Amino acid sequence: MNPSTAFATVVVDELIRSGVREAVLAPGSRSTPLALALVAADRDGRLRLHVRIDERTAGFLALGLIRGTGLPVPVVTTSGTAVANLYPAVLEASHSGLPLIVLSADRPPELRGTGANQTTDQLKLFGDAVRLFHELGTPSKQLGQVAYWRSQVSRAVSTAVGARTADPGPVQLNCPLVEPLVPTDDGDWPEPLDGRSAGPWTSVHATAAQPSAVAPGPKTVVVAGDGASQAARLAAEAGGWPLFAEPSSRARTGPAVISAYRLLLGATALGGEIERVLVFGHPTLSRPISQLLARPEVELIVVAPTGLWPDAAHRAAAVVTGLEVVGKDRTDWLDRWQQADQLARAAMDKVLAGGLSGPAVATLVGEAVGADGMLVVASSNPVRDLDLAPVVPIRTVANRGLAGIDGTLSTAVGAALANAGATYALVGDLAFLHDSNGLVIGPAEARPDLRIVVLNDNGGGIFSTLEQGGGDYAADFERVFGTPHGVDFAALCAATGTPHRLVTTADELRELLARTVNGIDVIEVRVDRTARRDLHAELHQAVSRL
C-alpha cells in the first residue's frame with residue numbers, strides 16, 4: 001500500500017469512528033485517495049457520500065446536513081481555488097457554530113512557490129474563521145504514522161463539535177498528498193492501520209458548568225435569537241415572561257411566544273416598560289430588538305453555553321452558561337403582552353388578507369409544513385416575512401451566522417437529505433439565483449424530497465424597506481439596490497430538469513403546497529417589490545392604533 005492510500009484509508013476510518021455519518025466531496029485529482037476511501041466507505045454502508053461539482057455548493061450542502069443531523073460533516077476538495085470556494089460556507093459555519101470539517105488536499109510542501117500547477121499557500125487559508133488548523137505531514141511509509149493521523153483526526157472532530165471548549169465550529173486539515181494517488185501494490189505497511197477496538201482514537205469528554213439562578217422582579221422578556229434552543233422557551237415559561245423568538249431560534253413555540261413582538265416593540269408603549277432582557281442565541285432579525293438590547297436602562301443577561309456571546313451594543317451586565325429560574329412572575333406582565341399580541345395579530349391579518357405579499361406567502365408555507373415538517377428559510381426578506389407570520393410549531397433552519405444568501409438551496413438540499421420527511425424551502429429570487437447550481441445533482445446522488453417556494457420580486461426587495469428605499473434616493477434606487485434581473489425561472493429550472501409552477505393566487509399556492517412532496521420541485525410566486533415599503537408602513541400603523 002502506498003502512503004497516500006494508507007493515509008486516506010486511516011483518515012476516513014477515524015472520521016467514521018469519531019461520529020461522521022455523512023460526507024461531501026467535490027471532484028479533483030489531488031484528492032483522489034480521499035475520494036476513493038470515501039466511496040469505499042459509502043459502498044460498505046459506513047457513511048453516506050454526496051458528490052457535487054461546485055465547491056461552494058458542496059460546502060453549503062455540508063452545512064445543511066449538519067443542521068439536519070447535528071453531526072459533524074467533512075467536505076473534501078482538491079487543491080488551489082477549490083479550497084478557496086469553501087470560504088463562504090466556512091464563515092457561515094464559524095458564526096453559526098457548525099462542525100464543518102474541511103479536508104483540503106494539497107501538493108507536497110516542496111512544490112509551493114515553484115509555479116507548480118494548482119499549487120498555492122493553503123496554510124491557514126481561512127484565518128481565524130476556523131477553530132483549528134493543522135497541516136498533516138506528507139504521508140510516508142514509517143512507524144508512528146497511524147497514531148499521528150488518528151490522533152489528529154480525533155482532535156479535529158472534538159474541536160469542531162466543541163467537546164472541550166463548548167465552542168463548536170469549522171476546522172481545517174490540510175492534506176499534502178504524494179503520487180501515486182491511486183492504490184498500488186507496494187507491499188505491507190510497516191504497522192497495522194487499525195484503530196482502537198471501538199470508538200475514536202481519543203475519547204474527548206465535555207467540560208461542565210453550573211447554571212446561574214435568576215429570580216422574578218424586574219419586568220423581563222426573553223429574546224431567542226438564531227440557535228437559541230428550547231432552553232429559551234423553558235426559561236420564559238418557568239418565569240412567566242414574554243418570549244420574542246426568531247423563526248430559526250428553535251424556541252418559537254409554547255404559550256409565552258409573542259408573534260408580533262417586532263411591531264409591538266416599535267409601535268406601542270409596552271416595550272418601554274421592559275426592565276430586563278434574557279438573551280439566548282444570536283439575535284439578528286429586527287431593529288426593534290437591536291434597539292431594545294442597546295437601551296442603557298435595561299439589564300441585559302446573555303446566556304451563552306459557548307465561549308463567545310452576542311453583545312453588539314456592549315451593554316451586557318452578565319454572561320452566563322445557563323439559567324435556573326427560581327420563581328415565577330405573578331403579575332399581569334405576560335398577560336398584557338399576550339392580549340396585545342392577539343389584537344396585533346388580528347390587525348395584521350386584516351392588512352395582509354386577500355393578496356400574495358411576502359408575509360402572506362410565508363403564512364401559507366408555514367401552515368403547509370406542519371408540526372412534523374422542516375422549513376429552510378433564506379436570509380433577507382423570507383425569514384423576516386416568516387417572523388411576521390402566525391406562530392406554527394415547525395422546525396426552521398436558516399443560515400443566520402452571517403445572514404448571507406449564499407448557498408441557500410444547497411443548505412436546503414442537505415437539510416432535506418438529513419430529514420426523514422418532506423422538507424420545504426422559502427427563498428427569495430436573488431437567493432435562488434445565487435445558488436442555482438445547488439439544483440445540479442448527479443444521477444448517482446441521493447435526491448431529497450424538497451419543495452422550494454420562490455418569492456420573486458425581481459430584485460432586492462429588502463432595500464425598499466430601509467433608508468435607501470426612501471424618496472431621496474429614488475433616482476438611483478433601481479440600478480444599485482433594486483437590481484432587477486428579469487430571469488425566466490421556468491427556463492432556469494428546465495435546465496436542470498426541475499419541475500416548476502408559477503402561481504398567481506393564494507388558492508393556487510395553497511393547492512400546490514398541499515400536494516405530496518416527491519423529489520425537488522419549485523413553486524414561483526411573483527410579488528410586487530414596489531409595494532413592500534407601503535405594506536410595512538401599513539402594518540406598523542395598524543398595530544400602533546391598538
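Biologist: Which residue in β6 stands opposite Leu103?

Modeller: Leu173 does. This is a predicted model: local features need pLDDT of at least 70, side-chain atom pairs count only at pLDDT 80 or more, and totals for chains, interfaces and linings use all residues. Numbering runs from 1 along each chain as its sequence is written, and side-chain values use heavy atoms, without hydrogens or water.

Now the two strands. β4 spans residues 100-106 and β6 spans 171-176. They pair in the parallel sense, over six bridges. (Strands pair if DSSP finds at least two bridges between them; strands are DSSP runs of E, at least two residues, and helices are runs of H or I, at least four, numbered from the N terminus.)

Step back to the whole sheet. It is open, has six strands and runs β2-β1-β3-β4-β6-β5. The pairing is parallel. From one strand to the next, the twist averages 20°.

Helix α2 (residues 32-43) lies across β1 (22-25), β2, β3 (73-77) and β4. Against β2, α2 runs at about 130°. (Axes are lines fitted to C-alpha atoms, for helices over the stretch in contact; angles run from 0 to 180 degrees between N-to-C directions. Contact means heavy atoms within 4.5 Å.)

Next, a helix pair. α11 (residues 358-369) packs on α12 at about 70°, with axes 8 Å apart. That makes α11 roughly perpendicular to α12 (65 to 115 degrees). Gly358, Pro359 and Ala362 in α11 meet Asp385, Leu386 and Leu388 in α12. By class, this contact has four nonpolar residues, one polar and one charged. (Asp, Glu, Lys and Arg count as charged; Ala, Val, Leu, Ile, Met, Phe, Trp, Tyr, Cys and Pro as nonpolar; the others, Gly among them, as polar.)

α12 (381-388) also supplies at least two residues to the lining of the second largest pocket. So do α8 (261-267), α9 (287-294), β11 (299-303) and α18 (532-544). α9 gives the most, six residues. By class, the lining divides into 16 nonpolar, 10 polar and six charged.

Definitions and conventions: Angles under 35 degrees count as roughly parallel, over 145 as roughly antiparallel, 65 to 115 as roughly perpendicular and the rest as oblique.
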